[in-house]
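Trainee: Could you take me through the sheet of this model in detail, together with what packs on it and what surrounds it? I would like one connected account, with the cut-offs behind the terms.

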Amino acid sequence: PSEILFFGLGIICSYLEEGKVECRQGVHTVQRRAKPSKVDDVAMSSAAATGGAHAPTADHNTMGDATNDAAAAVEADFSKMLEDPQVLMALAATIACLVLAAVVLRLLVFKKVRRDTVAIVGPCGGGKTVLFSFLRDGHFSATYASMKANVDTFALHCDGDVDEKERRAFKVVDVPGYERVRVATLNEHAPTVRGVVFVLDSVSVGAQMSEVAEELYDILARDAFADAAVPVLVVCNKSDILTAKKPDYIKSQLEAEFNTLRKTRSAALDQLGSEEGSGAAPSDFLGYEGQKFSFEHVAQEVTFVGASAKLGEVNGMVDWLRELK
């Protein structure tokens, strides 16, 4: 395509150059024809000396006629050029190549990223890796705190009531709970995340409410998730234990904690803005100002379910994954 493009542009430029040459030649001819003679110069000088109001105009008329003739000749040559099949083919090829280049450029610049990843996140000790292993292998496995992300693509092994050939495969990323590793892993995979599974320990969540709320807040406020309205499933793990908190209770406690978080973060950003003189508003404010926070007020759909990865009681999560589009 590039060779055709340059070939077509070369032909067009050569014709245009010929037209410029002919045009310049016509102008020179006009100037030569219109150059005043010595007799005219004497007549004009005499007229000026005697106060005459009229000067010879024949040469001016000749110059105007010659200019019109030159313009008509250039126009005729240009029309003749457009009638040349070779020129028309070169022009059409050039336009086609330009359109093709524009389309390819648009595809490269605005290429849509495919979101096909499920990210399992949450504080340390919540049971993320246990849940990851159960979804992949279909049975409970003893695990340890992960220092690096576990990444795998598989159909849900626990999706037993669906025919094996029809089971949907997911790319699943088990994100470690340690902040440095968590942030780096999320930055890497965030553009392709289709759904977020936030796992928390429903037994110890009361003592960790501030930490859990802050991490969930950051997930919901992350631009890559908020802008794409990536749905979030909050899995209240270890629900089989007698002292576990119910999902509805945990949801209400997190909403109350979010109200506190919004105030402290807004105050910190306001102070920073006043010190820097920017007066900038908080960029990660969730919900509606002047109203108590509710998970219904965020861009993403947030769902709470109970689960026990140890006992394989993950039906709520499996149903949620099936509905991901």
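**The sheet and its surroundings**

Mentor: Strand β1 (residues 117-121) pairs with strand β3 (residues 169-174) in the parallel sense, over four bridges. Pairing here requires that DSSP find at least two bridges between two strands. Strands are DSSP runs of E with at least two residues, helices are runs of H or I with at least four, and numbering starts from the N terminus. Within this pair of strands, Ile 120 stands opposite Asp 174 in β3. In general, strands of a sheet pair through backbone hydrogen bonds, in either a parallel or an antiparallel manner.

Before going further, please note that this is a predicted model: local features need pLDDT of at least 70 and side-chain atom pairs count only at pLDDT 80 or more, while totals for chains, interfaces and linings use all residues. Residues are numbered from 1 along each chain as its sequence is written, and side-chain values use heavy atoms, with hydrogens and water left out.

The sheet is open and has six strands, in the order β2-β3-β1-β4-β5-β6, with mixed pairing. At its edges are β2 (150-155) and β6 (302-306), each of which pairs on one side only. On average, neighbouring strands are turned by 25° against each other, direction ignored. Such angles are taken between axes, which are lines fitted to C-alpha atoms (for helices, over the stretch in contact), and run from 0 to 180 degrees between N-to-C directions.

Helices pack on this sheet. Helix α6 (residues 179-189) lies across β1, β2, β3 and β4 (193-201), and runs at about 150° to β3. Helix α7 (residues 209-221) touches β1, β4, β5 (232-237) and β6, and its direction makes about 175° with that of β4. Contact in this account means heavy atoms within 4.5 Å.

Helix α5 (residues 128-137) is mostly covered, with eight of its 10 residues buried. A residue is called buried under 20% relative accessible area, exposed over 50%, and partly exposed in between (1.4 Å probe, protein chains only). The buried residues of α5 are Lys 128, Thr 129, Val 130, Leu 131, Phe 132, Ser 133, Phe 134 and Leu 135. They pack against β1, β2, β3, β4 and α10. Just after α5, Gly 138 takes a positive phi of about 85°. Arg 136 and Asp 137 are linked with Asp 152 in a network of salt bridges. A salt bridge is a side-chain nitrogen of Lys or Arg within 4 Å of a carboxyl oxygen of Asp or Glu.

A further salt bridge joins the side chains of Lys 238 and Asp 201, at 3.0 Å from N to O. Because Lys 238 lies in the loop between β5 and α9 (247-276) and Asp 201 in strand β4, the pair ties together parts that are 37 residues apart in sequence. Asp 201 is buried, at 11% relative accessible area, whereas Lys 238 is partly exposed, at 27%. Lys 238 also has a positive phi of about 65°, although it is not a glycine. Most residues other than glycine have a negative phi. Ala 229, likewise not a glycine, has a positive phi of about 50°. Ala 229 lies in the loop between α8 (223-226) and β5, and is partly exposed at 37% relative accessibility.

The loop between α9 and β6 holds Glu 296. The side chain of Glu 296 meets that of Lys 251 in a salt bridge of 3.3 Å, N to O. Lys 251 lies in helix α9, so this pair ties together parts 45 residues apart in sequence. Glu 296 counts as exposed, at 53% relative accessibility.

Helix α10 (residues 315-322) holds Arg 322 and Asp 319, three residues apart, or about one turn of the helix. Their side chains meet in a salt bridge of 3.6 Å, N to O. An α-helix has 3.6 residues a turn, so residues three or four places apart point the same way. Arg 322 is partly exposed at 35% relative accessibility, as is Asp 319 at 41%.

To place the sheet in its setting: the chain comprises 10 helices and six strands, and 33% of its 325 residues count as buried. Among contacts between residues at least 6 apart in sequence, 73% join residues at least 24 apart.
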